[in-house]
Structure formats: structure tokens, C-alpha cells
Amino acid sequence: MTDTDSLSEALKAISVSTELIEEELKPHLDTVLAALLEKTAVRELCIEAGLVKVLVPHLNSNNQEVLLNTGRAIGRICFDNSYQQEQLVQSGVIPRLVSIMREYPENDPLVNVCLLALCNLADMGSAREALTDLNVAEVLTFQLRRAPDAERRHVILEILSSLGESDTLKLQFAESGVPEALSEMIRGLRGGSDPHDLCSIKIASNLIVSLLLGDESMQKCFGEGSGLVYQDVLSWLQSSNTQLQLSGALAIANFARNDSNCVKMLDLGVVPYILTLLEQHVDEGDVSVQHAGLSALRNLAIPATNKVRMLEDGVTERIKTLLRSDMPPVQFKLLGALRMMVDGQEETALVLGKDSVLLSRVMEWCEAKDHAGVRGEASRLLAALIRHSRSSEVVQAVAKADGVRHLISMATSEHVIMQNEALVALAIASAIDIESMQEPFRGAELLPTLKKMLEDPVGAVEVKFSALGLICSLANSGEMKEDLNSVNMRESLSKLVDHSSSKLASQAQSVQAILSGTS
């Protein structure tokens with residue numbers, strides 16, 4: 001009998017009868033398996049014979065050998081065939097795979113077949129749906145804890161990563177102790193240099209970070225600062241493994257998504273760990289770690305009470321060591337973190353606003369030709385220093401550092417929020433110390449810029465309103481009032497007096513009166 005004949009015989013025997021007793025079925029399964037291993041064309045024959053549907057009921061067998069061979073045959077036929085995989089899921093294979101692992105958790109070859117099948121199906125929405133009521137997390141964590149080698153670990157981690165994309169399963173994972181099991185696995189592998197173990201650490205720590213994206217799962221792992229996962233994350237920050245440092249910083253940024261967590265973490269002393277980590281990476285360090293560390297610091301600085309404490313704890317001083325970084329992503333995040341620390345904090349804005357080293361570096365970044373993000377954040381920090389300090393010392397320091405032209409340039413940004421921040425900062429600066437401002441204003445042609453802004457037919461109302469606030473501030477200075485009249489600002493104002501926004505029209509009238517000397 002040729003190979004093809006014996007295969008046809010086996011396919012026929014399996015297809016036509018589910019009555020075969022398992023001893024009779026086994027040789028036919030062996031024949032199919034052997035053929036599948038040798039020739040890829042055999043898959044098509046098996047699919048045409050409708051073998052998958054016929055094989056699925058045999059997954060209910062009590063014979064572990066039959067289960068093993070059936071599982072292997074199904075796996076080989078369906079590998080990389082999305083239509084067959086969908087058919088499998090519809091035929092109810094998912095609950096059966098989970099049950100087999102529950103029933104025979106110590107049978108490694110059989111568990112392996114079930115895990116590989118799940119791994120192939122885990123990306124499918126229908127498979128994830130089928131798993132929601134099966135408490136698959138319990139089965140997977142049990143197998144993760146007893147995984148005999150890196151290969152098994154990786155299959156389980158891959159399944160968990162795919163399934164973790166579902167919000168429902170993400171929460172189930174948190175409630176079933178998946179993050180803790182992953183954390184425990186990382187603890188067992190740390191300190192080694194085996195590339196497979198390092199790969200497991202990377203996948204598991206990334207998975208923990210992604211599980212923390214769900215609010216409920218994040219709170220559970222935080223456990224008011226005493227959660228096992230949170231405690232382990234702190235130790236990652238102090239690890240020599242760059243991947244763990246990165247995941248640690250990203251995890252802290254995720255924990256810092258609400259004020260109470262931020263305050264608690266500051267109480268528990270997380271900030272020095274992050275600062276030490278950042279300092280380790282300043283020169284020739286890992287950009288991703290610095291980026292993540294600064295994201296964490298920025299989030300921690302959101303609650304007002306934390307801002308005050310971070311200034312008292314010298315955070316702004318230590319964070320300034322990163323000013324020498326020449327990596328745009330780090331510069332961008334650093335500027336954002338500093339701006340968050342300054343927000344609403346007069347004292348912090350005063351300290352930073354008078355710092356000539358900081359200002360000089362910020363000026364360089366205001367001119368970052370190839371990085372609009374860095375340029376924008378640098379200008380926004382300048383505006384924030386003036387807005388929140390409202391100090392003549394800061395205004396003079398910014399003027400001396402040649403920062404006024406950058407604020408004027410920012411006032412013409414395409415982003416309304418940036419335009420407003422710049423105009424408000426310039427209005428405050430001119431109200432506090434018009435003497436320091438006059439020359440920079442003239443040099444950067446502020447008044448023609450404002451005139452153009454008021455006359456822009458598609459300009460945002462709130463931007464025009466802020467521009468009027470600045471003009472009003474300028475009109476209180478004799479010299480600037482003359483300059484305003486010399487560019488015929490009143491003509492631009494007269495066009496706004498009938499504006500559909502009554503608030504804007506009224507403000508335009510008031511400024512017009514000041515310029516006419518009738519106010």
C-alpha cells in the first residue's frame with residue numbers, strides 16, 4: 001500500500017466513523033500525523049476531507065494518548081489557516097482545551113499541545129470571547145509556575161499578552177493574580193544572563209506594564225502602595241537590567257494616574273529612585289529609560305501638594321542634570337516635567353526662572369530646527385515661568401537671555417493653547433516691567449504681529465481676546481502707546497467693535513478708548 005493509499009484509508013476511517021474504539025482510532029491518527037509532518041500538501045487533503053470537524057469530538061476522549069494525537073493533528077492542519085481556526089473556535093474547541101489542561105495539568109506533552117493551540121487562536125476576537133467565562137488565567141498561571149523551560153514560558157507569555165488586549169480579560173487577569181505570577185517569575189529569573197531568561201523577563205515586564213493600563217487592575221496591583229507588584233516595580237528601578245528599569249519607570253507612570261496614588265508614592269519615597277535612575281542614564285544612557293522616568297516624574301508632579309514637596313526635596317535641582325542631554329525625546333519630556341512642576345507654583349517658577357544655566361539651555365531648545373516638539377515645549381516653559389512667577393526678576397532674566405522673541409514667535413503658533421499662553425505671558429511681563437520689554441518688543445516686531453492677529457478673519461476669538469489684553473497692557477505705557485498709534489492699531493480695533501462675540505467687541509471698545517485717550 002502506498003503512502004497516499006494509507007493516508008486516504010486513515011482519513012476515510014476517521015471521517016466516516018466516530019464509532020471506532022480508541023485503540024482502533026489511534027493507528028489512523030498516527031498515520032495522519034506522520035503524513036502531516038512529512039508533506040505540506042497533506043494539509044489540503046485533510047481540510048478537503050473535513051477532518052477538523054470530525055477530529056474535534058475526539059477531544060472529549062478520556063484517553064490521554066488519543067487527546068495528544070488529536071490535538072497535534074488539529075494543530076498541524078489549522079496552523080496559519082485563519083478560516084480553519086475560526087471553524088475550530090465555532091466548534092467549541094476553546095472550552096475543551098482549557099478543560100484538558102485542568103484535568104491533566106501534569107501531562108507535559110498534552111499541556112504543550114493545548115498551549116500551542118491556544119497560542120494560535122488567542123489573537124481572534126471569537127476565541128477571547130469564548131475564554132471570558134472559563135477562568136483561563138488560573139490555568140495559565142499554574143502552568144507558568146511549573147513551566148519546565150523557556151520555550152513553555154514563552155508560549156504562555158505570548159498567550160497572556162494576546163488575551164491581555166481584551167479589557168474584560170485584563171481585569172480578570174488582575175483579579176486572578178496574573179501580575180503577581182509574572183512578578184514572581186521575574187524575581188526567579190533576575191540576576192542571570194541566559195538570553196532566553198532575559199527574553200522572558202522582557203515579555204513579562206512589558207505585559208505587567210500593559211495590564212496596568214486598566215484602572216481597576218492598576219489599583220489592585222498598587223494595593224495602596226503595599227501591593228506585591230508595586231513593591232517589585234520599585235526593585236526594578238534599582239536593577240542593573242535596562243529592560244526592568246524601563247518597565248519599572250513605565251509602571252510608575254501608570255500607577256501615577258490619579259492624585260491619591262501620586263501623593264501616596266511620594267510619601268513612600270519613590271522619587272529618589274527615579275532621579276537616581278535618570279542620573280545613571282544622562283551620558284550615553286538609554287533614551288527610553290530617561291523618557292519613561294521623566295513621564296513618571298511629570299505624572300507624580302500633577303497634584304499641587306506634590307509640586308511643593310518636590311521643590312523642597314530638591315527634585316528640580318537634581319532633574320537639571322538632564323539639561324545636558326542631547327537627545328530630543330529626553331529634552332521634550334524634561335521640558336514637560338519642568339513645566340508641570342512650575343504649574344501654579346510661584347516659588348518653583350521663581351527659582352527656575354532666575355536660573356541662567358537653565359534659561360540658556362531653554363533658549364537653545366527654542367531654536368531646535370529639526371524638532372518642533374522640543375521647540376514648542378521650550379517656549380511653553382518660558383511662558384510658564386513668567387505666568388506662574390509674576391516676578392520682575394524672572395521677566396528681566398528672560399529678557400536678558402533673549403527669550404522675548406521666542407514668546408512672540410510662540411504667539412503665532414498654529415496651536416490656540418500655545419498662542420494664548422504666550423500672549424498672557426507677554427501681557428504679564430509688560431505689566432510688571434515694560435522697561436525691560438520695550439526693546440525686545442520692537443526688535444521682534446510685536447505690534448505688526450498683533451495687528452495681523454486682530455485682523456485675521458479666521459483667527460480664534462480667545463486668541464484675539466488675549467491679544468487685546470496684551471495691547472491694553474502696552475497702552476498703559478506712554479512710549480508703547482505712541483508705537484501702537486503709529487501702526488494704526490485703532491483701525492484694527494474698530495473692525496472688532498461690531499464682532500459677533502459681545503465680550504470681544506466690548507474689550508475692543510475699551511482698548512480703543514485707552515488709545516484715543518478718552519478713557
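Predicted model: local features only at pLDDT ≥ 70, side-chain atom pairs only at ≥ 80, totals over all residues.
Residues are numbered from 1 along each chain as its sequence is written, and side-chain values use heavy atoms, with hydrogens and water left out.

**Exercise 1.** Describe the largest cavity and the residues of its lining.

*Solution.* Begin with the term: on a 1 Å grid over the protein atoms alone, a cavity is a set of points where a 1.4 Å probe fits but cannot get out, and lining residues have an atom within 4 Å of a point. The largest cavity holds about 110 Å³ of space, a volume being the space filled by probe spheres set on the points, which are joined across faces, edges and corners. Next, turn to the lining, which has 14 residues, with G71, I74, G75, L88 and A117 lying nearest the centre. Two or more lining residues come from each of α5 (64-78), α6 (82-90), α7 (93-103) and α8 (108-121), where helices are DSSP runs (H or I, at least four residues) numbered from the N terminus. Finally, sort the lining by kind: 10 residues are nonpolar, 4 are polar and none is charged.

**Exercise 2.** Work out how F222, Y230 and F255 are arranged as an aromatic cluster.

*Solution.* Rings of Phe, Tyr and Trp (its six-membered ring) pair if their centres lie within 6.5 Å; planes under 30 degrees apart count as stacked, over 60 as edge-to-face and the rest as tilted. F222 and Y230 are edge-to-face, at 5.0 Å centre to centre with 75 degrees between the planes. F222 and F255, in turn, form a tilted pair, with 5.6 Å between centres and 40 degrees between planes. This second pair links distant parts of the chain, since F222 belongs to helix α15 (residues 215-222) and F255 to helix α17 (residues 242-255), 33 residues apart. As a last step, consider burial (under 20% relative accessible area, with a 1.4 Å probe and protein chains only): F222 and F255 are both buried, and Y230 counts as buried because its relative accessibility is 0%.

Methods: 1 Å grid on protein atoms, 1.4 Å probe; cavity = no way out; pocket = protein on both sides within 12 Å on 5 of 7 lines; lining within 4 Å. Nonpolar A, V, L, I, M, F, W, Y, C, P; charged D, E, K, R; others polar. Buried < 20%, exposed > 50% of the residue type's maximum accessible area, 1.4 Å probe, protein only.
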